[in-house]
Amino acid sequence: MRKALALFVIVLFTASLALAANKESGSTTLTNVQPAGTTDKQHKKQQFDLTFSGSRNDYTCRTNENQKVQATQFVVGTTVNYKIDGNKGQVKSTSSGKNVKCTLVRVAALTPASQ
């Protein structure tokens with residue numbers, strides 16, 4: 001019984017570390033903004049790919065297709081606050097105050113030169 005309980009505690013602790021590793025937040029510079037896809041009758045709002053570097057990785061986060069975003073609200077080179085939780089993200093522009101939820105579509109490890 002004790003061995004089973006100890007094993008359960010170890011598995012639970014390992015799982016909690018894995019979940020905590022997927023969360024990241026901070027402040028960084030927005031490096032690129034690109035339109036993603038096209039608009040049509042079913043997809044009336046333009047999506048954008050927001051690219052920025054976190055403390056561990058470079059991220060490309062695609063805005064939600066149901067949320068209206070204007071490119072002028074996210075100016076390249078300005079500071080943004082970001083939150084990453086698994087494959088979900090949230091980016092807030094400090095200059096415009098606009099906050100968007102997004103989905104991570106690309107994650108790349110930082111190279112030693114860019115750290």
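Strand 3 and strand 6 run antiparallel to each other and are paired over seven bridges, where two strands are said to pair if DSSP finds at least two bridges between them. The model is a predicted one, in which local features need pLDDT of at least 70 and side-chain atom pairs count only at pLDDT 80 or more, while totals for chains, interfaces and linings use all residues. Residues are numbered from 1 along each chain as its sequence is written, and side-chain values use heavy atoms, with hydrogens and water left out.

**View 1. The whole protein, with its helix and strands.** The protein contains one helix and six strands, and along the sequence these follow the pattern α-β-β-β-β-β-β. Helices (H or I, at least four residues) and strands (E, at least two) are DSSP runs, numbered from the N terminus. Of the 115 residues in the protein, 26% are buried; here buried means under 20% relative accessible area, exposed means over 50%, and partly exposed lies in between, with a 1.4 Å probe and protein chains only. The accessible surface comes to about 7,800 Å², and 56% of this surface belongs to carbon and sulfur atoms; the areas come from the Shrake-Rupley method with a 1.4 Å probe, and for residues only the protein chains shown count as cover. Among the contacts with a separation of 6 or more, 50% are between residues 24 or more positions apart, a contact being heavy atoms within 4.5 Å.

**View 2. The largest nonpolar core.** In soluble globular proteins, nonpolar side chains tend to be buried together. The largest nonpolar core in this model has 16 residues, of which Leu50, Phe52, Phe74 and Val91 touch the most other members. At least two core residues each are supplied by strand 1 (23-36), strand 2 (47-53), strand 3 (57-63), strand 4 (79-85) and strand 6 (99-109). A nonpolar core is a set of buried Ala, Val, Leu, Ile, Met, Phe, Trp, Tyr and Cys residues joined through side-chain atoms within 4.5 Å. When neighbours within four places in sequence are left aside, the residues in contact with Val91 include Leu50, Phe52, Phe74, Val80 and Cys102.

View 3. Rings of Phe, Tyr and Trp (its six-membered ring) pair if their centres lie within 6.5 Å, with planes under 30 degrees apart counted as stacked, over 60 as edge-to-face and the rest as tilted. By this rule the count comes to two aromatic pairs. Because the planes of Phe52 and Tyr59 stand at 40°, with ring centres 5.7 Å apart, this pair is tilted. Phe52 and Tyr82 also form a tilted pair, with 5.1 Å from centre to centre and 40° between the planes. Since Phe52 lies in strand 2 and Tyr82 in strand 4, their pair ties together parts that are 30 residues apart in sequence.

**View 4. The salt bridges.** Side chains of opposite charge can pair when their charged atoms come close. The structure holds two salt bridges, each defined as a side-chain nitrogen of Lys or Arg within 4 Å of a carboxyl oxygen of Asp or Glu. Arg56 forms a salt bridge with Glu24, and the closest N and O atoms are 3.6 Å apart. Arg56 lies in the loop between strand 2 and strand 3 and Glu24 lies in strand 1, so this pair ties together parts that are 32 residues apart in sequence. Arg56 counts as partly exposed because its relative accessibility is 40%, whereas Glu24, at 8%, counts as buried. Asp49 forms a salt bridge with Arg62, with the closest N and O atoms 2.7 Å apart. Asp49 has a relative accessible area of 13% and is therefore buried, while Arg62, with 31%, is partly exposed.

**View 5. The surroundings of Thr28.** Thr28 has its place in strand 1 and is buried, with a relative accessible area of 15%. Thr28 and Asn81 are 53 residues apart in sequence, yet their C-alpha atoms are 6.5 Å apart in space. Not counting residues up to four places away in sequence, Thr28 touches Phe52, Ser53, Thr78, Thr79, Val80 and Tyr82.
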